[in-house]
Amino acid sequence: MTGRMRRRLRVLIGGLAVLFLVLSVVVVVRFGRQAASDHDFVPAFSTAHVGKRVPAAPAPPDAPPPSGSYLYTGFGAGRAQPAPSLEPGDLVVTVAEAEVHSEEDVVGVLAKGTTPVSVMALRPRTRGAVVLYATRPALSEAVDDIGPALIVTTLAAGGTSDRAGVRVGDVITRINGQPFPNRVGADSLIRSAEPGHAIEYAILRAGTAQTLHVKPASLQFTFGFLAIVVTGILWMLLGTFLALARPLIPAARYRGLAFLLIGYALTVAWTRPYISSSAFHFGLDLLFQIALFVGIAVWVHSVQYFPRERPLLRARRWALPVVYGTALLAGALPLASRGDLVDFMARTFMALAFMLLLVCLVTWRTNRDRSAKEAEVMRPLVRLRNVTLIGIAFGVLWVAFFGQGRPGPGFLAACLVAVPFVNLYVIARYRLLDLNLQVRRNVAYVAASTAWTLTVVAVGVWAVWQLAQMAVPIPNIRFSAQSVQVVDDPDQAEERAVLERVLLMVAAVGLTFGLRGVRRRGQRMIDARFYRKDVDYRVVVRGLGRVLATRVSRDELATELVAGIDRLLPLKRSGVILARDAQPVIPREARGFSAEEWQTLATHVGADALQAVQKAEREVNAEYAIPRLRRPLEAARIQSLYPIRHDDAVVGVLFLGEKQAESAFTSDDFEFIDAVAAQAGVAIENAFLYDQVAQQERLKLELELARRIQMASLPQATPRVDGLDVAARSVPALEVGGDFFDYLTGAPDRLGIVIGDVSGKGTSAAFYMSKVQGILRSLNSFDLAPSELFVRANDLLLSDLEKRWFVTALGAFFDTTTRRLVLTRAGHLPLYYFERTTGNVRSVLPPGIGLGLSSRSVFAAELVEAELQYSAGDAFLLITDGVTDCGNSHDTEFGEERVMDAFRTASRNGATATDIVERLLVELDTFSHGCTPFDDQTLVVVRAS
């Protein structure tokens, strides 16, 4: 059903458009063949013709100076000027302030008195009026009756009438020897002339009778007339396009029909300067009136839907019937006075003014409901409407008071020619009526360049034509065998003609070079506007290379890269993805994309794009990419991919969209891109090396920070407890670990020592180590038993530690009064116990699992306290796995046996705790032969005294 309706509407609108176009051509051609098509005339306002000079008479006593005002079609409006006399050719219009239209009227007024009377007369040759006092006898003797006549008011310069000798102000009394009763009769006589034969005009010019023969041209148009015809055709073409393109959209249908109707009215408005009584011409006049006034009504109807539907206007059900009814009435009213052109035109203008006023009243309140977006869309059209109406109103007022005849067609064309173009601009810019009217920029560039070149050529041809007709003031120069003479007598015509031709050739050559420079300057402006500037890409590449060499950040590098390409090769869209170890690295920004849009595209196609350019030497056209890559690239309007290489490895890929000029990529373009890519490859590799160095620096800073945290967390002073000698050392490795030890003090005769290790390395291990120390110190304030201390610590760490982290710990709690040691172990290395009496070292390893690994019940079940009674001279060693795992160049570990042997040796002969620690560290250093330890080495030694 929709398709059938669309076809019917298109047939109807297309038929109407063809009818209007055919009628326009027929009417315009018929008008161009008329003899009077290049001049216009109005009926003489009086047949009382002054045949001889009438001198002004003195004003009567106590009479005011002569004065008067006039308002006549063809003469405009103004005040009559005092004159010394009436001249032959004047037409008397008032005598003694009474209107007269013939010699009989003049005689009747003059018969009423004998004193001088005031006289106002039209002077056709000046298109003005004069006023003076004249004696009755002199005026009566000078006036004769010329019968119905026409006054020529406008004349096309260089037209057939002008060449035949017709002048503005001529009074036409006969056509082909026959009188005419009125303008209609004159029109009939002109049309009845045989084609190809001259028309004879009997005229009076300054009171002198003359006969002129006007031979009509085959076709003849004034430029003003052609301008209004072209304007009307443009309106019709736009209306036809809109209505045919989207006939089912009311806004397009009604606005297109309005343009079509009003355009036809504009095209034929100036083709009927004379009113004919034939049925054909009556039909043309009827169609003109309907097209003009119904077209305005349809325009109002289109406002209901354009640019969006207007509920307020639709709610006023009376509005459109009133507008259409008024349009039909306004169109029919002037037809009643077709016999009088002046009356006909006056009624038409009055009806048109009333119609426009009604339109303003109907749409005024409706326009107040526009949204901000709609107001923005309509702003160009509203401004154009205001300027057009002001221009037309100013022109009508100018003609009414100062001009001659009707407003000129050229003036009206200048006011209305922009309307279709502005409507097209608004429709194209805001994508209205479901139309995409964007012109490709390369097409616009060709059109602009061609138009500019044709304009310059036209100016050149016109200038050469003017030079050829110009009278050149050449001195009289004579050449002899021995001299050059300048004489007063003119030289021979042939010699002067040769010299004129030479000067003309010189002037033409100079003009050609001048216009050539003007064309080049204008073309450069057009090239810049359409992104067609010529730039030396070698200079740009060198400059870009220097800029890229200073950029070390990947994002800065990517930004400068696409910006550098854009400076010489402006693209609608461009971007770059970098590659590191064959994996895409996506910079934050790209040209023509929003940040989110670019990130989405690059993430989706980054890996495929890098794969696509791996084996490509130059560009890869997006049309030939694999489907899963081609579709996103086409949706993002990316045309090509270009590889960026360094040492034959792909380190990036350029995404190239359409050129701003909308022209195809050339070999020079890709040569430039290739040079830029070569520069960028080095810069990208340097950027990644910089990132690697920066990452290493960050790691180094992180390790240093973690080491500071770790060392600051360890006890900075050794507690003094009677009966115990305590010493501890922690040697940090290059890689930060989680070793820790701490002293838990309380009563003066008690000391708790905890040593432990957090799983993992780095800053996180150091932070967890601090957390464990804080927990143990806090719980120690509650005076808990060693096993309870560890159980509660496990509860707290179980909720705070991540699953991949855990802590091993060993706690030795001394009571110096009873010389008792309670040992608690949470998955850590054993306690090494040196007995002075036997000289042996044994390891004490009570059961227990690491902190943070299991629930309270499991942890408590596995935890077992061990008690030892120690004597004076006994020693205890607590270590972390960095001691036992210490390696050497032979990949051999120090191991637990060497630890026990070294501890035994160092503990003999009553060595202090500090001496034992130092000897153990010397043993470790000797064993490792200077190899850097992989893990921290922490030792705590307690010696009973």
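This is a predicted model: local features need pLDDT of at least 70, side-chain atom pairs count only at pLDDT 80 or more; totals for chains, interfaces and linings use all residues.

Reader: With which residue does Arg729 form a salt bridge?

Author: Side chains of opposite charge can pair when their charged atoms come close. In this case the partner of Arg729 is Glu918, and the closest N and O atoms of the two are 2.8 Å apart. Because Arg729 lies in strand E24 (residues 724-731) and Glu918 in helix H27 (residues 913-928), the pair ties together parts that are 189 residues apart in sequence. Glu918, at 35% relative accessibility, also counts as partly exposed.

Reader: How many salt bridges does a search of the whole structure find?

Author: The search finds 17 salt bridges. One of them joins the side chains of Glu87 and Arg53, with an N to O distance of 3.7 Å. Glu87 lies in the loop between strand E7 (85-86) and E8, while Arg53 lies in the loop between strand E2 (48-50) and strand E3 (54-55), so this pair ties together parts that are 34 residues apart in sequence.

Reader: Which residue forms a salt bridge with Lys572?

Author: That residue is Glu658, and the closest N and O atoms of the pair are 3.2 Å apart. Lys572 is in the loop between helix H18 (554-568) and strand E19 (574-580), whereas Glu658 is in the loop between strand E23 (649-657) and helix H21 (667-713), so that the pair links distant parts of the chain, 86 residues apart. Lys572 counts as partly exposed at 31% relative accessibility, but Glu658 is buried, with a relative accessible area of 15%.

Reader: Which residues are linked in a network of salt bridges?

Author: Such a network links Glu788, Arg792, Asp795 and Arg856.

Reader: Where do charges gather in a patch of positive charge?

Author: A patch of this kind is found on the surface, where Arg516, Arg520, Arg521 and Arg524 gather. Of these, Arg524 lies in helix H16 (residues 493-529), and with 52% relative accessibility Arg524 counts as exposed.

Reader: Is Thr94 buried or exposed?

Author: Thr94, which has its place in strand E8 (residues 91-95), is buried, with a relative accessible area of 14%. Leaving aside residues up to four places away in sequence, Thr94 touches Glu99, Val100, Ser118, Val119 and Met120.

Key:
Residues are numbered from 1 along each chain as its sequence is written. Side-chain values use heavy atoms; hydrogens and water are left out. Patches are made of residues with over 30% relative accessible area and no salt bridge: like charges are joined within 9 Å, nonpolar side chains (Val, Leu, Ile, Met, Phe, Trp, Tyr) within 5 Å. Accessible areas come from the Shrake-Rupley method with a 1.4 Å probe; for residues, only the protein chains shown count as cover. A salt bridge is a side-chain nitrogen of Lys or Arg within 4 Å of a carboxyl oxygen of Asp or Glu. Lys and Arg count as positive and Asp and Glu as negative; His and the chain ends are not counted. The place of a charge is taken as NZ of Lys, CZ of Arg, CG of Asp or CD of Glu. Helices (H or I, at least four residues) and strands (E, at least two) are DSSP runs, numbered from the N terminus. Buried means under 20% relative accessible area, exposed over 50%, partly exposed in between (1.4 Å probe, protein chains only). Contact means heavy atoms within 4.5 Å.
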